[in-house]
Every structure is written in structure tokens, then in C-alpha cells.
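This report describes the fold of a single protein chain and then turns to two of its local features.

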Amino acid sequence: MSHALTAAVAGFGTGLSLIVAIGAQNAFVLRQGVRRDAVLAVVGICALSDALLIALGVGGVGAVVVAWPGALRAVGIVGGAFLLCYGALAARRVLKPGTGLRAEGEASGSRRRAVLTCLAMTWLNPHVYLDTVFLLGSLAADRGPLRWTFGLGAALASLCWFAALGFGARLLGRFLARPGAWRVLDGLVALTMLVLGATLVAGS
């Protein structure tokens with residue numbers, strides 16, 4: 001039970017570290033939340049899409065590892081290198097912060113437009129496949145039998161983040177609009193990614 005809880009917490013923390021970053025999808029969810037426009041639909045699309053992609057990553061990478069044990073080493077090296085680069089980019093944002101995540105934009109449109117925009121931002125973003133299918137899948141494979149527990153934790157992190165961003169936008173909007181807030185978040189992301197990357201590379 002303790003091992004399963006540890007795997008779930010690790011998945012939650014890793015998933016949250018990957019999701020919490022300034023980007024078009026987060027800005028869109030925040031904007032919809034501030035305007036209270038199709039918030040439930042947008043949050044649901046983001047969370048369910050992440051859950052599906054995480055499941056594909058956990059199942060796909062896990063199946064490859066079972067069929068070819070040497071794949072775990074290869075995935076560990078490549079995934080670790082990616083994490084180190086990801087952490088370095090986050091650390092760079094700490095030293096050179098941006099302008100924060102803004103909720104301003106055009107007037108809200110129809111629910112259909114919001115849904116289509118959300119789907120496009122989610123499924124047409126190449127980084128989402130690297131983060132969920134490849135990266136989280138490779139990290140989950142390293143957990144062996146507990147890889148699905150790790151994946152569940154990551155999916156839960158996605159749900160919690162998007163729900164907080166969408167439904168708590170009235171409060172989060174002012175906080176996340178400040179560059180200093182994102183420096184703190186990026187600092188935590190950088191630390192987590194660098195530690196995970198070094199661990200993966202060393203273990204491989």
C-alpha cells in the first residue's frame with residue numbers, strides 16, 4: 001500500500017510539474033474561467049485528453065519494455081536527457097522571467113468555438129505528446145507493476161490543475177498575472193525536472 005501511494009504521489013508531482021507552465025492552453029483555460037464561459041467543458045476536455053494520452057503512454061511504453069527489456073535503458077537515457085533540457089529551460093525562465101500569464105483577449109464566443117479551440121490547443125500541440133505519451137510513459141515504465149498507479153497520479157494532477165485554473169480563475173488570475181509568481185513555479189519545475197532527469201540517466 002505504501003509503495004502504491006508513493007508511486008501515485010510521484011505521478012501527481014511529476015504530472016503537475018509538466019502541466020504548470022506558461023502556455024497557450026493554460027492561458028485559454030484561465031481566460032475562460034475569468035469570463036465564466038464554457039468552463040466545465042474546457043476543463044473536462046483538457047483533463048480527459050491528458051488522461052487518455054497518459055494512458056496511451058503508460059500502456060504503450062510499458063508494453064515495449066515487457067517485450068524488449070533493453071528499451072527501458074534507452075527510454076531512460078533519452079527521457080532523462082529531455083528532462084534535463086526541460087529543467088534547464090525552466091531555470092532559464094527563472095533568471096529571465098516573462099510577463100506572466102494574462103487573461104486578456106477577445107470577447108467570449110460560443111460554447112462550440114470554445115470547445116473547438118480547446119481541442120485544437122490540446123491535440124495539435126506537439127509538446128503534449130512529449131510530456132504525456134513519451135515522458136510520463138517512460139517515467140511510469142520505470143515503476144514496473146506500479147506504472148498505472150503512477151499514471152493515475154499524473155492524470156489526477158491534470159484534473160486538479162485545470163479545475164483550479166478554470167473554476168478558481170477569479171482568484172488565480174491576479175496571482176498568475178504577476179511574473180514573480182511564475183518565477184516561483186518555474187523554480188519548482190526546474191528543480192523537479194533536473195532531479196528526475198539526473199535520476200533517470202544515472203539509473204540507466
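## Chain overview

Of the 204 residues of the protein chain, 41% count as buried, where buried means under 20% relative accessible area, exposed over 50% and partly exposed in between, with a 1.4 Å probe and protein chains only. This is a predicted model, in which local features need pLDDT of at least 70, side-chain atom pairs count only at pLDDT 80 or more, and totals for chains, interfaces and linings use all residues. Residues are numbered from 1 along each chain as its sequence is written, and side-chain values use heavy atoms, without hydrogens and water.

The secondary structure comprises nine helices and zero strands; helices are DSSP runs of H or I with at least four residues, strands are E runs of at least two, and both are numbered from the N terminus. Among contacts (heavy atoms within 4.5 Å) between residues at least 6 apart in sequence, 89% join residues at least 24 apart. The protein chain exposes about 10,500 Å², of which carbon and sulfur atoms supply 71%; such areas come from the Shrake-Rupley method with a 1.4 Å probe.

## A residue with positive phi

Most residues other than glycine have a negative phi. Ala38 is not a glycine, yet its phi is positive, at about 55°. Ala38 lies in the loop between α2 (24-35) and α3 (39-67).

## Accessibility of two residues

Leu194 belongs to helix α9 (residues 179-203).

| Residue | Relative accessible area | Class |
|---|---|---|
| Ala38 | 8% | buried |
| Leu194 | 35% | partly exposed |
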